[in-house]
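Here are some comments on charge pairing and helix packing. Please read them with the structure open.

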Amino acid sequence: MTTIIVDRFQYALQLRLVTVITGDAGSGKSTCLRAATSALHPSQYRVLPLPATSGTILELLRQMCLELGVPSSCSAAKLFKNLRDLLIDTTQKNQLIVLLIDEAHLLRLEVFAHLHTLLQCEFDSRPLMPVVLSGQLGLIDRLLYHTSRPFSSRVVGKTHLEGLQLKHMEGYLNHHLSIAGATQTLLSDEAVVAIHQRSGGLLRTAGNLTRGALPAAAAQKCSIVSAEHVRLASSEIL
């Protein structure tokens, strides 16, 4: 799935359009975005990551100005002009600003109704900036709203992250344990199944269960985590 997201991310960059990533909390959206942006050379791309808020379009524009070092203003028209001037100047220097908005399901419909005017040159002659939206599934409902259509018509990729299948969960857990310094098997097959079932395949929950199960096993002087240790860990997390 990460490969698919990276491919669609690159495609949106080439066209300077929009790609959308949805998934439940903890499904790995941020991990996929880190993988996609890690390959971008800073001489060619300037990644602009913004956490979404429920604020107005004016507040979003001010966020962008603050991050990009553009003069701010109380006027949305002035902010749009300052940002567009920067985007045009940046593209003329063969560098591309990439806007990443996380938790985009929190954005107001007002934001989607206006954001498209920032992305294009006059009369839609040339795209100025690719956008990546990441959020929970409600994001799609917001993009389908009629006032969002001018923006959502620029979407060229849409990916929904599902929970990991059992066969992939074991590899995911063992990979992270090896990064942490594990040199031997720490999770029994039953523990992996229990983690997968209780997490629904969601990466963050699986990680929390593993972090809780390891000290539970250590407290009982067990060298391998069992399904019972996972059960104990699951009673500690929400």
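**Notes on salt bridges and helix packing**

1. R231 and E228 lie 3 residues apart in helix α11, which spans residues 227–234. The two are therefore separated by about one helical turn. Their side chains meet in a salt bridge, N to O, at 2.6 Å. Keep in mind that this is a predicted model.

2. How exposed are the two partners? R231 is partly exposed, with a relative accessible area of 39%. E228 also has 39% relative accessibility and counts as partly exposed.

3. The structure holds 4 salt bridges in all. Side chains of opposite charge can pair when their charged atoms come close. One of these bridges joins D89 and K93 through their side chains, at 3.1 Å from N to O. K93 counts as exposed, because its relative accessibility is 59% and the cut-off for exposed is over 50%. D89, at 32%, counts as partly exposed.

4. Another bridge links E110 to R108. Here the closest N and O atoms are 3.7 Å apart. A salt bridge needs that distance to be within 4 Å, so the pair qualifies. E110 is partly exposed at 28% relative accessibility. R108 is partly exposed as well, at 38%.

5. Now the packing. Two packed helices are described by the angle between their axes and the distance between the axes. Helix α10 covers residues 203–219, and its axis comes within 8 Å of that of α11. The two axes cross at roughly 115°. The crossing is right-handed.

6. Which residues make the contact of α10 with α11? From α10 come L209, G212, A213, A216 and A217. From α11 come H229, V230, L232, A233 and S234. By class, that contact has 7 nonpolar and 3 polar residues, with no charged ones.

7. Helix α10 also packs with helix α8, residues 166–179. The angle is about 55° and the axes are 11 Å apart. The crossing of α8 with α10 is right-handed.

8. On the α8 side, the contact uses M169, Y172, L173 and L177. They meet L203, A206, T210 and L214 of α10. The residues of this contact divide into 7 nonpolar and 1 polar, and none is charged.

Notes:
Residues are numbered from 1 along each chain as its sequence is written. This is a predicted model: local features need pLDDT of at least 70, side-chain atom pairs count only at pLDDT 80 or more; totals for chains, interfaces and linings use all residues. Side-chain values use heavy atoms; hydrogens and water are left out. Buried means under 20% relative accessible area, exposed over 50%, partly exposed in between (1.4 Å probe, protein chains only). Helices (H or I, at least four residues) and strands (E, at least two) are DSSP runs, numbered from the N terminus. Axes are lines fitted to C-alpha atoms, for helices over the stretch in contact, and angles run from 0 to 180 degrees between N-to-C directions. A crossing is left-handed if the near helix is turned anticlockwise from the far one by less than a right angle, and right-handed if clockwise. Contact means heavy atoms within 4.5 Å. Ala, Val, Leu, Ile, Met, Phe, Trp, Tyr, Cys and Pro count as nonpolar, Asp, Glu, Lys and Arg as charged, and the others, Gly among them, as polar.
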